[in-house]
Amino acid sequence: MRKILLVTVFTFGMLLSLTAQNYLVEATYDSEKLFTEWNSYLETPNATTALKVYNQLPSKGHIFKETSDVALEESIYDHLNIVEEQVKQGDANNIQLAFRLFTISDGSFSEWLQIMLGQTINTHPELFLTELNTHRHLFTKVNSLVGNFGEEFADDLDKQITATKRRIKNLKKVENSAVANVKKECILALKAKLKNLESLKEN
């Protein structure tokens, strides 16, 4: 069993952090158990195996690359498309798994998760907000999570504006009072992005 030190980490790609009261947290990370459950998931990707992987991941913080299991993380990243397919189908356990994977992700790994989860705003907005509400402590801000559309949008302002408006519209449809706070936060972040995009277009 491996003990991992979890600390606040700020990166442009993921905007991941501990809450203030958990600035420095030592957690238990059993790489062997996680690898076993991950391999089982790869054999049979479904809600049950996703939950087992989820339960082996740290619940908060971020794992330093220096103390992580590189082979495990590479395996997860290399097969992240399998999680993505389950997320697209709207499976709650796989969506929460994608959220918790932020505790071990970095760089392009984190950006892939952002894009993947951001897409569920259009397909399963209430489920997205429900899981974000549960995992809100993993993020300093929600901007990158709700506003990362992927490389195909990068050089097309009109496409980004349309996509941003669509996400705002779908979030507004959610009436569940339990997620009202994160709903408001996400909409505000998207409105700020929209204002910036429209300003860039005018210039």
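View 1. Aspartate 158 is partly exposed, with a relative accessible area of 40%, where buried means under 20% relative accessible area, exposed means over 50%, and partly exposed lies in between (1.4 Å probe, protein chains only). The model shown here is a predicted one, in which local features need pLDDT of at least 70 and side-chain atom pairs count only at pLDDT 80 or more, while totals for chains, interfaces and linings use all residues. Residues are numbered from 1 along each chain as its sequence is written, and side-chain values use heavy atoms, with hydrogens and water left out. The side chain of aspartate 158 meets that of lysine 201 in a salt bridge, at 2.7 Å from N to O; a salt bridge is a side-chain nitrogen of Lys or Arg within 4 Å of a carboxyl oxygen of Asp or Glu. Because lysine 201 belongs to helix α10 and aspartate 158 to helix α9, the pair ties together parts that are 43 residues apart in sequence. Helices (H or I, at least four residues) and strands (E, at least two) are DSSP runs, numbered from the N terminus.

**View 2. Glutamate 185 and arginine 136.** In the salt bridge between glutamate 185 and arginine 136, the closest N and O atoms are 2.6 Å apart. Glutamate 185 lies in helix α10 and arginine 136 in the loop between α7 and α8, so this pair ties together parts that are 49 residues apart in sequence. Glutamate 185 is partly exposed, with a relative accessible area of 27%.

**View 3. Lysine 88 and glutamate 85 within helix α4.** The side chains of lysine 88 and glutamate 85 form a salt bridge, at 3.9 Å from N to O. Because lysine 88 and glutamate 85 are three residues apart in helix α4, about one helical turn separates them. Lysine 88 is partly exposed at 46% relative accessible area, and glutamate 85 also counts as partly exposed, at 41%. By the salt-bridge rule, the count comes to three.

**View 4. Helix α10 and the helices it packs against.** Helix α10 covers residues 180–202 and has 23 residues, reaching 33 Å from its first C-alpha to its last, which is close to the 33 Å expected at 1.5 Å a residue; the expected span is 1.5 Å times one less than the number of residues. Its buried residues include Val182, Cys186, Ile187, Leu190, Leu194 and Leu197. The buried residues of α10 pack against α7, α8 (143–147) and α9 (157–172).

**View 5. Histidine 135 in helix α7.** Histidine 135 is found in helix α7, which spans residues 125–135. At 1% relative accessibility, histidine 135 counts as buried. Leaving aside neighbours within four places in sequence, histidine 135 is in contact (heavy atoms within 4.5 Å) with Tyr54, Gln96 and Phe99.

**View 6. The packing of helices α1 and α4.** Helix α1 (residues 31–43) and helix α4 (residues 80–88) pack at an angle of about 60°, with their axes 10 Å apart; axes are lines fitted to C-alpha atoms, for helices over the stretch in contact, and angles run from 0 to 180 degrees between N-to-C directions. Trp38, Tyr41 and Leu42 in α1 meet Ile82, Val83 and Gln86 in α4.
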